[in-house]
Amino acid sequence: MSGPSSMRTPLERVRGLGSAHTGTGDFWRQRLTAVAMTLLIVPVIVVVITLIGRNHAGAAQILGSIPIAIILLLFIIASTWHMKIGMQVVIEDYIHNEKLKIASVMANNFFCVAVALASIYAILKLSSGV
């Protein structure tokens with residue numbers, strides 16, 4: 001009960017709840033992935049620059065390094081997670097038809113997982129030298 005006679009403060013009544021009553025978890029997860037991508041972008045750019053002009057064998061040699069593969073994998077996971085959350089927020093805010101909203105969120109989830117898996121597979125395949 002949160003009527004005028006409630007002993008709870010206004011902050012206590014709304015803490016952790018957004019307009020969808022699901023909390024602020026997505027907000028903080030998106031900020032966390034943004035910080036992760038910010039920290040990882042410089043090493044990723046350095047790796048991409050070193051890959052310019054190399055053939056498959058040269059790329060496999062660079063990506064064969066465990067630290068480089070881990071940096072790229074972490075960047076892909078953070079960026080696809082960030083993309084999923086951001087697009088889901090846009091979909092939930094601007095699509096008002098419930099069936100279309102559900103279909104769009106499902107398509108967004110599928111697309112983000114597909115991009116992440118394809119990217120992870122490519123990095124693992126190149127880093128293993130196959």
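Start by selecting Trp28: with a relative accessible area of 56%, Trp28 is exposed (over 50% relative accessible area; buried is under 20%, partly exposed in between, with a 1.4 Å probe and protein chains only). Before going on, keep in mind that this is a predicted model, where local features need pLDDT of at least 70, side-chain atom pairs count only at pLDDT 80 or more, and totals for chains, interfaces and linings use all residues. Residues are numbered from 1 along each chain as its sequence is written, and side-chain values use heavy atoms, with hydrogens and water left out.

Phe27 is partly exposed, at 39% relative accessibility. The count here is 1 aromatic pair (rings of Phe, Tyr and Trp, the last by its six-membered ring, with centres within 6.5 Å; planes under 30 degrees apart are stacked, over 60 edge-to-face, the rest tilted). Phe27 and Trp28 make up that pair, edge-to-face, with 5.1 Å centre to centre and 85° between the planes.

Next stop: the charged side chains. Side chains of opposite charge can pair when their charged atoms come close. Look for 2 salt bridges (a side-chain nitrogen of Lys or Arg within 4 Å of a carboxyl oxygen of Asp or Glu). Pick Asp26 and Arg29, whose closest N and O atoms are 2.9 Å apart. They sit 3 residues apart in helix 2 (residues 25-51), about one helical turn. (Helices are DSSP runs of H or I, at least four residues, and strands are E runs of at least two, numbered from the N terminus.) Asp26 is partly exposed at 29%, and Arg29 is also partly exposed, at 35%.

For the other bridge, jump to Glu98 and Lys101, with 3.5 Å between the closest N and O atoms. Both belong to helix 5 (residues 98-127), again 3 residues apart, about one turn of the helix. Glu98 is partly exposed at 47% relative accessible area, whereas Lys101 is buried at 16%.

Stay in helix 5 and select Asn108. Asn108 is buried, with a relative accessible area of 7%. Its side chain reaches the backbone oxygen of Lys84 at 3.1 Å, a polar contact (N or O atoms within 3.5 Å; within protein, one able to donate a hydrogen and the other to accept it, and residues adjacent in sequence count only if both atoms are side-chain atoms). Leaving aside neighbours within four places in sequence, Asn108 is in contact with Lys84, Met87, Gln88 and Ile91 (contact means heavy atoms within 4.5 Å).

Helix 3 (residues 56-63) comes next. At its start, a side-chain oxygen of Asn55 comes within 3.3 Å of the backbone nitrogen of Ala57. Show Gly58, Ala59, Ala60, Ile62 and Leu63, the buried residues of this helix; they pack against helix 2, helix 4 (66-94) and helix 5.

Where is the largest nonpolar core? Select Met37, Leu40, Val44, Val47, Leu63, Ala69, Leu72, Leu73, Phe75, Ile76, Ala78 and Ile123, 12 residues in all (buried Ala, Val, Leu, Ile, Met, Phe, Trp, Tyr and Cys joined through side-chain atoms within 4.5 Å). Helix 4 gives the largest share, 6 residues. Zoom in on Leu40: not counting residues up to four places away in sequence, Leu40 touches Ile71, Leu74 and Phe75.

Finally, colour the spans that an unreviewed UniProt entry lists as "transmembrane region": residues 32-53, 59-81 and 102-124. UniProt positions follow the numbering used here, feature names are shortened, and annotations may be inferred rather than shown by experiment. Residues 32-53 are 91% helix and 0% strand, with end C-alpha atoms 34 Å apart. Residues 102-124 are 100% helix and 0% strand, and their end C-alpha atoms lie 33 Å apart.
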